[in-house]
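Good morning, colleagues. Please bring up the sequence and the structure so that we may go through them together.

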Amino acid sequence: MWWKFLIYLVMTAVIVLAFITASPMNPVSSLGGPEVYRIFYFHVPQAWVATIAFLMAIFFSIRFLQTRRMDYDVKASTACRLGLLFSILATISGSIFARMTWGEFWNWSEIREVSIFVLLLIYGGYFAFRSAVSDEQTRAAFSAVLSILFGVSAVFLIFILPRIYPVFSLHPTDSIVNGRISITMSPMVAIIFGLSLVSFTALFLWIYKLSVEIFTLARYRAGER
Amino acid sequence: MLKLEAQNLAKHFGTRKVFDNINISLEAGQSLAVVGPNGSGKTTLLKVIIGLVYPSRGDVTFSKNGRKLEFEQYRKYLSLVAPYFSLYDSLTAGENLRFFAKVSGHVIKRIEQHELLQQVGLEGRGDDFVSSYSTGMKQRLKYAVAMLKRPKILLVDEPGTNLDESGKEMAANLLNRLRDDSIIIIATNDKKEYALAGEFCQLGG
Amino acid sequence: MPLPANSVNWAAKVLAVTGKDIISEFRTRFAVNAIVMFALVTLTVISFALGVLQPAAEIMAAMFWIILFFAAMSGLAQAFIKEEESGTALILKLSCDGIVIFFGKFLFNLLLLIVLAILIVPLFIVLLNTTAENWLLFIAGLVLGMIGLSGATTIIAAIVSKASIKGALFTVLSFPILMPLLAAVIEITKIAFIDGRFSDAAAPIQMLIAFDVVMITLSVMLFDFVWRH
């Protein structure tokens, strides 16, 4: 129970600090000035959580196909549900950011924007499919197969495709996202960002755990096994 | 020797229980009739035995000489005749037979094809499209396709569907010919067909 | 996944499935009609809409694959849908190994696409006044693209055949999976249109080959899970 309060506390701290400290970045090319970059504290963790959710869904899908246990299907679909939520959040925050700095809400040349769009399409297709199948076992097995196919395709799209095309990236300082954190961030920024990342992840896991419990209970009530 | 065992089989859809506590043990030469009124779960039980539907509890095991067989392995020995599948309408009867034979792993010669059609009472109709067949003829063709594999286990759901008297006689002869070497399971609610099998399993009560 | 017992006859079994579908298709012409008519209509609409405009090669390459993609979406799922709807799926499952069915249907769909390409390419050139400067590259891209198109969508077609609203679902599910293929193949076609050489298109070709191999392998591994339901 205590950790719930810790999450509340840390997130509040992150939100406050995000606005009272100096802006994390100040590139010359920005239209909106340095203030806009504060969204970095929120946007990146959202995208990060969406990715984790996706990976979890694939993992549980594989486990389902190996064991045929329905609880893996509940876990996989719940991960996708939350993944969709955070993807939508990441798309919105990213789009706002894009409008503020580069002038337009959407740009197909930016590979990360394409990636998140594809992720949305994948989640959309996943749930559209699930609602079109009434038999539980069939739905679970086919969803699992789809997740794996989507996952592999997403790997092609996000990692391999950019190496082929001279796609310019509008995203600032890829060095941060690539993990070379120490180079470009000041300690204060790194701390706030780190706290945000951790608390977003913790929040996600908490919601995830609750959701899985709810769906599992719902299944028991409906008489399934 | 092919052996079929089912332990503690149960199946339910949601809260509706279809069947429970089914135990089966069959070897070549033995036959079973699953009987019960409409909706008592005969077809579901057959599908669970074949492996097309997962049981809610219990398991079905096919074994040969003590070694357990997986679906891809026992499928070769298993044939099904049932009202809920069709053969290829846009193909002729002969083409259907040749296709199913080839895809099961053996090429069927013209002579064998004629013999099979003769056995089920369809001689001379091999070059007609299945779409032009009557329902009775289609049922006879299903028996012919089932015999292609020389099945070690034959499941027949409602053996007399759409068949006239001579057709039912044909089916009975076919089953009798297989009786000694194979396992036969039939599902029926027709009392006259009970004689086709050696043992009973009552469902639905 | 265990190999079929009569491995000797494996290829013959696959061809038996493809052959059966070809004969059936020849007599009923459902899928091929859908695909060809769709492509023709799309091509006509594009041609009409463009009028006298002569867009750049990039755009024409994209147009070509839009036509092919949507035509494929309108017809490739038929291979499995017709088995479900005519009630033959069950006996097929009991007679055939999953891997045989997969390759049988894959080859059939590939054949449908080849027929489509033979019809559409000349019309495309004539109606839209485009021509490929590097024919070899264009055909290479076309062939690899069709292999990937059929290879990646065969398992989706099997999945969709058990659901409702099959047609729309097939497109919705196939698109995210095919995105890498479309990106690569449009690039190759664009280079072929403007007379690039093979070396210019080396990167997308490599990716396309990798995609084809990976997706077909993955589909084969996963196919049994779908087929056995």
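Predicted model: local features only at pLDDT ≥ 70, side-chain atom pairs only at ≥ 80, totals over all residues.

I begin with the contact between chains C and A. Chain C contributes 24 residues and chain A contributes 24 residues. On the side of chain C that touches chain A, helix H8 (166-193) and helix H9 (202-227) of chain C each provide at least two residues. That side of chain C consists of 21 nonpolar, two polar and one charged residues.

Next, the core. The largest nonpolar core comprises 195 residues, and those with the most contacts inside it are A:Ala53, A:Val145, B:Ala144 and C:Val226. H8(C) gives the most to this core, namely 16 residues. As for A:Ala53, its contacts beyond four places in sequence are A:Ala79, A:Cys80, A:Leu82, A:Gly83 and A:Phe86.

Now to a charged residue. A:Asp73 lies in helix H3 (residues 70-101) of chain A. Is A:Asp73 buried or exposed? A:Asp73 is buried, because 24 other C-beta atoms lie within 10 Å, and the cut-off for burial is 20 or more. Setting aside neighbours within four places in sequence, A:Asp73 is in contact with A:Phe64, A:Ala140 and A:Ser143. A:Arg139 is 66 residues from A:Asp73 in sequence, with a C-alpha to C-alpha separation of 9.0 Å.

Finally, chain B. Helix H1 (residues 42-50) of chain B is mostly covered, with seven of its nine residues buried. Among these buried residues are B:Lys42 and B:Lys47, along with B:Leu45 and B:Leu46. Just after H1(B), B:Gly51 adopts a positive phi of about 110°.

Definitions and conventions
Residues numbered from 1 in each chain as written. Chains lettered and ligands numbered in written order. Contact = placed C-beta atoms within 7 Å. Helix = DSSP H or I, 4+ residues; strand = E, 2+ residues; numbered from the N terminus. Nonpolar A, V, L, I, M, F, W, Y, C, P; charged D, E, K, R; others polar. Buried ≥ 20, exposed ≤ 12 C-beta atoms within 10 Å, placed from the backbone. Core = buried A, V, L, I, M, F, W, Y, C linked by C-beta atoms within 7 Å.
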